[in-house]
Structure formats: C-alpha cells, structure tokens
Amino acid sequence: MNATGKFAGFTVGLVVIFGAALALGSVAGPDVAEPAVHTAGDGGHGAAGHDAVADPTPGGLSPTTDGYTLELASDQVTAGTAVPVQFRITNRSGVPVTDYTPEHEKLLHLIVVRRDLAGFQHVHPTLDATGTWSVPLDLGRGGDYRVFADFTPAGSEGVTLATDLRVAGTYDPQELPAPAPTTTVDGYTVTLDGTLRPGETSNVTLSVSRDGRPVTDLQPYLGAYGHLVALRTTDLGYLHVHPDGHPGDGVTAAGPGIDFAVTAPSAGDYRLFLDFQHAGAVHTAEFTATAGPEEK
C-alpha cells in the first residue's frame, strides 16, 4: 500500500504522479521484518576511517531504526529520467524530523540502487519546513530499487534507514559483475588494492589514473577525496565509509591513492561504489569484491 495518505502536505500533482505507478515488470524485495540495531559504527556517516569501532552489523536493513522511520510519499512510481520523489524521516511519535547535523557538508545523503545493484545514485535532497525531503531521481529502468537515507539527527548518532521503491517499466536484470581489481569510468582507471576480511576492519586503497598516468590532483568532494559505499549482495546490507585523512590537512595527498578502512560484516560478495571528483566532475567507479571465509 502506498504511503501517500500519510502526507497531507504533498501537492495534488505529486500524489497523481506517485499514485499512477503500476508494479508491472518489477521484482519484489521485502524489507527485513526486524529493525537493525544501530550503533555509532553501523556504516553511517558518523563511522569514518580508523577512528570508528568495527561493528559487524550492517545498516540499511530496515526502514525503522532507533525510533526513526523512513516514509516514502509513494512506494511506486513510473519509470523516467527525472522522477520526483519525496519522503520524510519521522521520530517515535510520528513527527517529521526537521533538525539535522550536517555530515560531509550535507544534512542527508540519499543512496539509491536497483536490487540487482545497477543504477547506483548518490544524491542530496532538499528539505522544506514541514520535514519533507524532495529530489528528482533517474529511474529510467523498471524494477525494485533500494532507497537508503544516511543522516544524523541533531543531538543523536548517525542513522541509516532503507526501504524499497517499485518502478513500473521494462525490467532488464543485470548479472553481478565478477570480482576484479580494476575498473574504468569516464576515461579513468581505478584500481583496488587490499582484501576484505569478514568481521574485521580491512585497509584498502583505491587508486585513480587517466591515460596511464596517476591522478594527483583529485578535488575535494563533500569534504573528502573520495566516498565509498559498500553493499552486501545477499541483502543489500549497507556500509558507508570515508577515507583516512582530510583535504588541506597538510598530510593527505590528493591522489592517486585513497585509503579506506572497511568492515565487512560477513563473508561473501560486496558491490563497492567510489565517488571521486576531478577536473570539476564527479565520477563513480564500481567494483565487486569478495570477503573471504571467516578464519577459525
């Protein structure tokens, strides 16, 4: 059932857009029934680098965690390249949250990816005075998408919530790419050095080159030289980590390597998405990586 009726403040036009969507051609992916237990190290923006405590529990397994709930205006939309999506974060009393602590220059980071791990987007919605967030999304292909809200309520710890958004349209499921240490995007080559170890914090380096030459002038993007999202392929358990160091600290180099500390909660495959900025443009490199079996 759509959640549109819960939002009295939405305009009639948006209600019509959201309510007209059909579920044809999509694949169901129900939310986990029990909410994930959140701690400061659950993969939110507050859990960055070596200062974070390793926590094997991934975030983003439920729309409700720590008393906060992610409510979409509609859980069904029609495929399109700029689909308007609205949502709210509510507290235990059902009141929309309007006061947030900025993390990496934004009040909220929205991660959207189809359940076959295609169509990744990292965007930053706008917040109005009623607590409603709005953003256009590129949802040109049908299917079920997972929507992650990564934020820090004022006076609280970081939280990651997630729910499903069904997109009516042609569904063309993609196979998970095989693990590989190198990928290309927009003329850049990105290399992954390091191995994920289940239940442990692993140090990995992602190095950027172009035309065979190392890129040593990466530009800060949201206060860092790179942002890494890792999703466990089995259930889309969410990790959002950030690199060691900070631009302008006199120590952290602007490439080619970006160092991360990643805690894989379990053995298996993960899809990694690296956002980096160079020459005024943001690029997203994608990898499949495998965390080996736990040592006994």
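Student: Among contacts in the protein between residues at least 6 apart in sequence, what percentage join residues at least 24 apart?

Tutor: A contact means heavy atoms within 4.5 Å. In this protein, 69% of the contacts between residues at least 6 apart join residues at least 24 apart. This is a predicted model, in which local features need pLDDT of at least 70 and side-chain atom pairs count only at pLDDT 80 or more, while totals for chains, interfaces and linings use all residues. Residues are numbered from 1 along each chain as its sequence is written, and side-chain values use heavy atoms, with hydrogens and water left out.

Student: What is the mean pLDDT of the protein?

Tutor: pLDDT is the predictor's confidence in each residue, from 0 to 100. Its mean here is 85, and 80% of the residues reach 70 or more. Over residues 1-5 the value is below 50, and this stretch has twelve contacts beyond near neighbours in sequence. Residues 8-55 also stay under 50, with 109 contacts in the model beyond four places in sequence.

Student: How many helices and strands does the protein have?

Tutor: Helices (H or I, at least four residues) and strands (E, at least two) are DSSP runs, numbered from the N terminus. The protein has one helix and 19 strands.

Student: In what order do the four strands of the open sheet lie?

Tutor: Two strands pair if DSSP finds at least two bridges between them. The order is 16-15-18-19, with antiparallel pairing. Strand 16 (238-241) and strand 19 (281-291) are the edge strands, each pairing on one side only. Four bridges join strand 15 (residues 227-232) to strand 16, and Leu231 stands opposite Tyr238 in strand 16.
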